[in-house]
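Morning, everyone. Let me put the model up and walk you through some of its strands.

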Amino acid sequence: MTPPLRQRRLLFVTGKGGVGKTTIAAGLARAMASAGRRVLLCSVDDRSDLADAFSLPPLRFEPVRVDQYLSVMAMDTEASLREYLKIYLKLPIVGRIGPVAAAFDFVATAAPGVREILTIGKVCYEVREEHYDTVIVDAPATGHVTGYLAAPQALQSLVRVGLIRSQTDWMLQILSDESLTGVIAVTTAEEMPVSETLQLLTAIRQDTTTHAAAVVVNRVVSDILVPRDEALAQQLATQRPSPFDDPRLDGLFAAERFAAQRREVSREHLNVLRDGIPSTLPVIIQPYCFGATTSAAIVADVAASLAEEIS
Amino acid sequence: MTTLGDVIGTSKVVITCGPGGIGKTTCAAALGVAVARSTERRVLVVTVDPARRLADALGLGGIGNDATVVHDVGGAGELSVAMLDTKASWDALIRRHAPDATTAQRILDNALYQNITGRFIQSHDYIAMERLHELVEQDLYDLIIVDTPPTRNALDFLDAPSRMADFFSSRLLRWLIAPARGGVVGFAARPFSQIADKILGGQFVGDITEFFLLLNTMYDGFVQRAREVEMLLAHDDTSFLVISTLESVPVTEAEFFVRELSERHLNVRGWILNRVLPPSIASDDLANAMDSLSHAELAAAVDATGADDASLRRVRDALVSNTRRWRDVALAERQQTQQLQSRDVPVFTIPTLDGEISELAGLTLLGDVLYGAEGVVKS
């Protein structure tokens, strides 16, 4: 049985670009904070989207408080390296961080896992030190997230000695513990996002020690037309009897045709998704937010509907 | 008014960019179909998106690193597709540029190399541009359409060649490989070596150094190609098309692409708005007509359809509620489109088409709509 989301201490939210990953991460953070948990939301992928979601100025490494329970930060590998050196090496780094960071950046460009470990290390550190009840990571998109989660192992296989080597052990412990840590895969009910989600879940199982916690299907349009009425709606669209014969009503039937297609596509891909994942993995349906136009309004909507899932 | 087909004109390279999840790959493929059908040109579409449905739609079992010809596009031209395989392309590149076979093999066998080809920052972007350069040189196609990786707020594929060149010529690389070359470690490199040894361990730093020593043997080839790719991208025969939907996040991302490309003096020849809601949903008359429909007697429809009054009321109310939901979206889209049309880049609106594109007929239809889409080109 998958442990409930509300008990997790570290959640990575990922998804194919364009599915609303950041919105879901922000909504989840807001919902958990409303439930009284101290939440740190950390953007790794794109800091501007997350700032918009809370109507904040550009985020920085130093967390800013949205309210009593919720803090938001953006990952910055140089700042993370600086913090790391301060904590572990007790280096007098203030004046020297420039060339060190540049050199490190250079190594990180070449050596797999070095850049990633600074990110993963920072969030694991926050979990270990219990500065927050839950750390939610707006993680890189599906194609890249496994590289982050597998970074400790990747480094272990390349680095046989040194400080980083000894650091990877406790990180792996946190990342592997299903009661603490999980990945939330965000998708929409469309072909490519669903297919990428299935690939992601396989990759997480095979290449990382972390476990999937849930799949969120975003922007699902609820049906207004009940199935038994679909045939009658279809008949009205073809026959256009009075009073439906007004040509100004073309848009009415165009909207229904559009909605019907979306319904059909949605059903098909939801089935593919459900067939492809373990039956124990929760699938959370997140309705399309009609009417909400700003990022902040959409996040508030999402938080309200996710509140049930985490209660 | 000019059509998108006119705008592409005689371009030899078309590069589609935009955010993910908006149908970019499908548009690139559909455009390829349209050009192959309406001209006599040999077209190659290079995609990065392994959509099985796209392969199915083109009647192919799969799309690989080598180009495959699509049969029966129904025109005078010819269409081929290829999918960029980062690993295979990198291996080929190393073999081509290494000074000798032994060096090539040592690089290919290096543990770091094997890790890096999949994950090297921008390795995918670099190889996409490298591949484009190779294809242009081979001159087997009249038009190459490149579907770029859906990076967010980044034009890494444009910067990748120059970054690769900078990378090889950087001082840091020289510091790093200096000790291995038998030289004395420079003063400036010392803090780095000390800290790197402490954090990463000496053996790991040694591995990295060896890898770069090997890679450095290919310096001249890399740098020269990088410069050539830059020239190719800026050439008048290269057209950039930005693709997005009208949702707020994709539009913001697309705006970034348009701005960045223009600032680099690259030829942004169009902004394609994909999956736009039918204009009838946003029409001004519709609201009034729906109001009268809500109060209208349904007796006439009872006779015409044979359905009972209660069912008809229910369906009518559902249709009206459904329309009101999408109407808000359509109105926002219309406003957004008008705003975008005031820019310098011509805007081409592509309505949402019936059903998913799962066969060649669908791709052909979308291609025709794209090819014939009209926009205003400002002088």
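Which residues of E4(A) lie on one side, which on the other, and are they buried or exposed? Leu70(A), Val72(A) and Ala74(A) lie on one side, Ser71(A) and Met73(A) on the other, and all are buried. Buried means under 20% relative accessible area, exposed over 50%, partly exposed in between, with a 1.4 Å probe and protein chains only. Strand E4 of chain A covers residues 70–74. Strands (E, at least two residues) and helices (H or I, at least four) are DSSP runs, numbered from the N terminus.

A word on the ground rules. This is a predicted model: local features need pLDDT of at least 70, side-chain atom pairs count only at pLDDT 80 or more, and totals for chains, interfaces and linings use all residues. Residues are numbered from 1 along each chain as its sequence is written, chains are lettered from A and ligands numbered from 1 in the order in which they are written, and side-chain values use heavy atoms, leaving out hydrogens and water.

Now the neighbours. Two strands pair if DSSP finds at least two bridges between them. E4(A) pairs with E2(A), residues 39–43, in the parallel sense over 5 bridges. There, Cys42(A) faces Met73(A). E3(A), residues 64–65, runs antiparallel to E4(A), with 2 bridges. Val64(A) stands opposite Val72(A). A hairpin through 4 residues joins E3(A) to E4(A).

On to E5(A), residues 134–138: 5 of its 5 residues are buried. Thr134(A), Ile136(A) and Asp138(A) point one way, Val135(A) and Val137(A) the other. E2(A) runs parallel to E5(A) over 5 bridges, and Cys42(A) has Val137(A) as its bridge partner there. E1(A), residues 10–15, is also parallel to E5(A), with 4 bridges. Val13(A) partners Asp138(A).
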